[in-house]
Amino acid sequence: MSTAPLLRVVHLGKSFGGVKALRDVSFDLAPGELLGVIGPNGSGKTTLVNLITRFIRPSSGEVLFKGRKISHLPPYKIVRLGIARTFQMVKPFYQLPAYRNMIIPLCSPRMKQLPGARYGDRDAVALDLLEQVGFERDAHVAYKPAGALPQGYLKRLELAKAIALQPELLILDELFSGLSLAEVAGIVPIIEKLRLDGMTIIMIEHRLKELFRVADRVLVMNFGRKIAEGAAAAVMEDAAVKNAYLGSEE
Amino acid sequence: MKRRKERIDRGIRVRSSDVFALCSWREMLYLSGPRLLPVAACLLLPAVLGVYWQKVLLSVAVFALLAMSWDMLAQTGMISLGQALFFGVGAYGAGIMDHYWHLPPWVTLPAAALGGGVVCTLLLLPVLRLRGIYFSMVTLIVPLMMVRIIEATKIFGGTEGLSGMTPLPSRWVEAYVAMAVLLAALFGFRRLLDSDYGLVLRGICDNDRSVINAGINIYWFKAQALFLAGCVGAFAGAFMTHVYMFVGMPVFALDYSILPIAAAVVGGPGSFAGAVLGAFLLVPVSEALRGFGGLRIVLYGLFLVIFIVALPEGIFHFLQRKYHQFERWVEVEK
């Protein structure tokens with residue numbers, strides 16, 4: 001693609017004491033692209049997300065968003081620039097009803113920066129957003145405390161909280177983990193719709209079948225290293241990837 | 001036959017939850033009653049109490065303010081063990097302004113409250129990043145450090161303290177100033193925490209990373225909560241300086257840290273009204289037990305334990321539930 005990349009990750013690395021969680025990972029992400037990140041457990045996928053959003057500080061390398069270095073900014077400023085993420089372990093406000101959970105992102109300074117940001121009744125906007133991710137409008141479920149919701153709804157709530165910020169780059173950290181096939185099938189169209197709306201997305205996922213349905217490109221990680229990158233089918237034929245997933249033949 | 005308790009909202013609660021409540025006096029009274037009651041109590045109590053119990057009432061107001069200040073921090077996820085810091089900074093602030101600069105109480109009270117808020121915020125700013133017990137430990141230590149600093153450097157009268165402050169004009173002014181500030185803090189804080197701003201504060205307590213993830217600078221919000229709590233706590237201290245006409249090292253005593261927490265916990269944390277109720281219960285009980293001499297603290301402790309075991313949710317939440325809901329026993333289907 002000829003357009004300038006939305007996100008550039010340049011030689012990013014992180015070590016926790018002696019453990020090298022991430023080593024020298026670089027990639028570019030074009031606007032509107034959906035990048036899948038896969039890899040075995042402990043391969044550094046979530047660390048990569050935490051480094052991009054700077055929930056943890058990188059040991060080396062840098063991250064550029066729209067050509068601007070962001071890896072020195074605090075996490076809340078990165079969100080304001082337009083990068084929103086979900087957490088693998090959902091982080092709702094358990095005490096509050098589901099729709100009140102949405103008010104906090106809707107109060108965000110990010111909303112004030114957006115041209116034509118939605119003003120007016122935040123509760124109504126919250127219920128609209130929840131409906132978009134599959135909370136039935138007339139059911140009681142949006143009014144239940146988040147602590148009383150089943151896992152499927154909590155994951156949807158997590159997604160809705162990220163979408164509420166109208167991000168340019170959305171990072172989904174294992175959104176499908178812990179969900180049934182039917183629940184995943186309900187969320188995939190939501191992601192496809194976000195793509196059609198032009199949102200750039202990074203998806204970290206173990207559910208390869210669903211991921212390959214939506215991903216333009218896949219990045220494979222193992223032991224903190226990028227071992228392959230490219231179209232889904234090509235990547236899965238790669239010897240290093242087969243090795244990482246299925247073990248070596250020797 | 002197994003039975004369980006079922007709780008159902010009262011009809012009047014449902015009826016008065018929308019605009020139709022304005023059509024009936026009964027519904028309007030149901031809504032306004034719980035708000036008018038504390039206002040009426042605060043207006044009438046100073047008038048009906050004798051001189052001694054009026055002084056107790058001032059003490060109640062001071063501990064209620066400190067308990068609300070603790071509750072404000074607790075709702076933002078900061079468990080403080082050092083309300084004495086706020087109290088002491090406010091007390092010394094008013095004392096210094098009165099003793100050295102001869103300013104009247106009408107200047108020292110608001111100035112010590114606001115200035116105390118600023119000083120406490122600045123003192124605790126470096127530890128705002130600490131969470132849970134680590135934050136608590138620091139807040140516990142800071143007031144104890146202040147005592148030693150004053151003792152060692154002999155500033156502000158050293159161990160002798162500063163005395164001869166200007167009192168407030170009369171005991172009526174004292175009582176009504178205390179009640180007015182108490183009501184303002186109670187209703188102001190409750191309203192604030194009900195707003196979207198308050199939602200962000202409570203979100204920080206519930207899940208701070210999720211609030212960061214909404215692009216919100218939680219340290220800025222925590223600092224604001226600290227400032228508000230600091231102002232209220234410092235006002236309590238400044239007020240006591242003018243009531244006792246003295247300020248000294250005891251203002252940093254542990255009592256001012258622990259009793260407000262007890263009041264908030266007995267009354268029901270997370271509501272501010274609970275903190276006030278708790279202070280209105282605990283301080284007079286402590287006074288009434290004076291006749292028991294050495295056994296006083298034992299009986300007081302026993303009283304606390306009984307309350308916490310019997311009503312772990314706190315008095316306010318218990319009363320609120322009884323007010324809005326009725327209970328009945330229903331048979332459990334097999």
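Helices (H or I, at least four residues) and strands (E, at least two) are DSSP runs, numbered from the N terminus. By that rule, chain A has 11 helices and 10 strands.

This is a predicted model: local features need pLDDT of at least 70, side-chain atom pairs count only at pLDDT 80 or more, and totals for chains, interfaces and linings use all residues. Residues are numbered from 1 along each chain as its sequence is written, while chains are lettered from A and ligands numbered from 1 in the order in which they are written.

**Chain A**

The C-alpha atoms of chain A fill a box of roughly 60 × 40 × 40 Å along the principal axes. Buried residues (20 or more other C-beta atoms, placed from the backbone, within 10 Å of their own) make up 45% of the 250 residues in chain A.

**The core**

A nonpolar core is a set of buried Ala, Val, Leu, Ile, Met, Phe, Trp, Tyr and Cys residues joined through C-beta atoms within 7 Å. The largest one has 165 residues. B:Ala64 and B:Phe235 are among those with the most contacts inside it. Helix α3 (residues 51–75) of chain B gives the most to this core, with 14 residues.

**Where the chains meet**

Residues are in contact if their C-beta atoms, placed from the backbone, lie within 7 Å. The contact between the chains takes residues from both:

| Chain | Residues in the contact |
|---|---|
| Chain A | 19 residues |
| Chain B | 15 residues |

On the side of chain A that touches chain B, the largest share, 4 residues, comes from α2(A).

Note on methods. A residue is buried if 20 or more other C-beta atoms lie within 10 Å of its own, exposed if 12 or fewer, and partly exposed in between; C-beta atoms are placed from the backbone. Two residues are in contact if their C-beta atoms, placed from the backbone, lie within 7 Å.
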